[in-house]
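Please keep the model open beside them.

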Amino acid sequence: ESNFLYEIMGKADSCPAPTKPNLNWHLINHSKADHDLRHLIVDLSRACKYISYAIQTTEAGLAGTKNEFGEDQLALDVLADNLIREFLCESGLVCCYISEEQPDIVELDPEGQYSVVFDPLDGSSLVDANFAIGSIFGIYKDGNVIGATPREQVAAMYVLYGPRTLLVVSLGNGKGVHEFILNDVGEFVLLRDHLGIGDDAKNYSPGNLRAITTNPGYKKAIDSWQEEEKTLRYSGCMVADIHHILSKGQGVFSNIGGGEGSKYPDGKLRHVFECGPFAFLAEEAGGAASDGTMAILDKEITSVDQRTQIIIGSKNDVESVASLVS
Ligand code: AHG
Ligand code: MN
Ligand code: MN
């Protein structure tokens with residue numbers, strides 16, 4: 001490219017840093033993102049503006065279809081999935097993607113250098129209750145996500161549609177985790193630079209609690225959190241619950257399996273598009289993410305619908321719970 005933006009941004013005298021850096025500016029000047037990766041992230045953020053608008057204006061209702069996991073799809077799930085696909089097609093940068101709403105890998109542009117994994121709408125069953133919901137994205141270089149590990153992601157991002165619409169993104173490699181807010185003219189502007197996660201959690205966010213009837217280790221973990229008089233913060237939307245941790249700078253979120261014969265033997269959450277991106281963000285913020293045995297970032301992706309246990313957030317609490325549930 002002509003590097004027009006790089007040139008003008010580089011001229012400190014005529015172009016001082018803006019008072020409110022936007023996502024594009026931040027990707028150029030702070031994260032030093034590759035041209036294509038920057039475009040891809042900005043294109044995903046554009047899709048999310050439409051999703052945010054759709055959430056505010058669409059009547060929540062069942063679409064009458066079921067996704068491959070046999071769950072009812074809300075109209076907004078489908079809409080969000082379609083919107084993201086449109087923007088990925090437009091970008092021309094993506095060879096394939098994995099979406100919660102698609103049964104298989106979807107091939108796009110054979111020339112595209114990136115793969116994107118996403119949960120278009122996380123917590124979608126909460127829409128009618130007007131709870132916060134979100135979109136989750138992981139970006140990989142090239143097309144081989146199956147067989148890769150989430151550590152190979154080159155970026156991870158989520159958008160939280162709450163009372164405010166927030167975007168949190170990291171390009172890894174020590175470049176930090178950054179939070180942007182959608183303003184009234186439709187621009188994501190920097191809200192907080194460098195979100196961090198401290199080593200000890202005061203808040204806990206225990207998912208799939210039904211598993212404690214068959215998983216004594218998980219019961220012990222919950223008991224210890226209660227004995228330590230931690231504060232419960234659980235909304236049922238992983239994006240909101242983990243954003244709470246990044247926002248407060250501490251906390252621990254878990255979704256643990258109930259073992260064979262239980263509703264979710266390996267926990268409810270999907271490795272590739274739910275746990276992988278959050279593990280990338282948590283480690284980059286100084287926290288940890290484990291499946292009880294190993295780091296989520298090092299766990300191989302074997303299929304699009306693979307589920308995994310996850311304990312994520314403040315390091316010390318992730319470690320102590322992992323030792324109980326593994
Ligand atoms: P989705 O709406 O994409 O299906 O995901 C919802 C997930 C996750 O966000 C949350 O942590 C978990 O489901 C909640 O499960 P419970 O309803 O069993 O608590
Ligand atoms: Mn989800
Ligand atoms: Mn979803």
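1. His-244 is placed in helix H6, where helices (H or I, at least four residues) and strands (E, at least two) are DSSP runs, numbered from the N terminus. If neighbours within four places in sequence are left aside, His-244 is in contact with Asn-203, Arg-233 and Gln-250, contact meaning heavy atoms within 4.5 Å.

2. On provenance, this is a predicted model, in which local features need pLDDT of at least 70 and side-chain atom pairs count only at pLDDT 80 or more, whereas totals for chains, interfaces and linings use all residues. Residues are numbered from 1 along each chain as its sequence is written, chains are lettered from A and ligands numbered from 1 in the order in which they are written, and side-chain values use heavy atoms, with hydrogens and water left out.

3. How much of H6 is buried? Eight of the eleven residues of H6 are buried, so this helix is largely enclosed by the rest of the structure; here buried means under 20% relative accessible area, exposed over 50%, and partly exposed in between (1.4 Å probe, protein chains only). The buried residues of H6 are Met-238, Val-239, Ala-240, Asp-241, Ile-242, His-243, Ile-245 and Leu-246. Just after H6, Gly-249 takes a positive phi of about 80°.

4. Helix H6 (residues 238–248) packs with helix H7 (residues 271–284) at an angle of about 10°, their axes being 12 Å apart. Axes are lines fitted to C-alpha atoms, for helices over the stretch in contact, and angles run from 0 to 180 degrees between N-to-C directions. H6 and H7 are therefore roughly parallel to each other, given that angles under 35 degrees count as roughly parallel, over 145 as roughly antiparallel, 65 to 115 as roughly perpendicular and the rest as oblique. On the H6 side Met-238, Val-239 and Ile-242 meet Glu-274, Cys-275 and Phe-278 of H7. By class, this contact of H6 with H7 has five nonpolar, no polar and one charged residues, with Ala, Val, Leu, Ile, Met, Phe, Trp, Tyr, Cys and Pro counted as nonpolar, Asp, Glu, Lys and Arg as charged, and the others, Gly among them, as polar.

5. Donors are N, O and S atoms within 2.8 Å of the metal (3.2 Å for Na, K and Ca), and water is not among the atoms, so sites may look incomplete.

6. Which residues coordinate the manganese ion (ligand 3)? Its donors come from Glu-100 (OE), Asp-119 (OD) and Leu-121 (O), at 2.0 to 2.3 Å, and follow the spacing E-x18-D-x1-L. The manganese ion (ligand 3) and the manganese ion (ligand 2) are 3.7 Å apart, with Asp-119 coordinating both. Glu-100 lies in the loop between strand E3 (94–99) and strand E4 (106–107) and Leu-121 in strand E5 (residues 114–122), so the pair ties together parts that are 21 residues apart in sequence. Both Glu-100 and Leu-121 are buried.

7. The axes of helix H3 (residues 35–57) and helix H4 (residues 75–91) come within 9 Å and cross at roughly 150°, and H3 and H4 are therefore roughly antiparallel to each other. The residues of the contact of H3 with H4 divide into 14 nonpolar, one polar and three charged.

8. Two positive phi values outside glycine deserve a look. Asn-173, with phi near 55°, lies in the loop between strand E8 (165–170) and strand E9 (177–182), and is exposed, with a relative accessible area of 75%. Glu-229, with a positive phi of about 55°, is found in the loop between helix H5 (216–227) and strand E12 (231–232), and counts as exposed at 68% relative accessibility.
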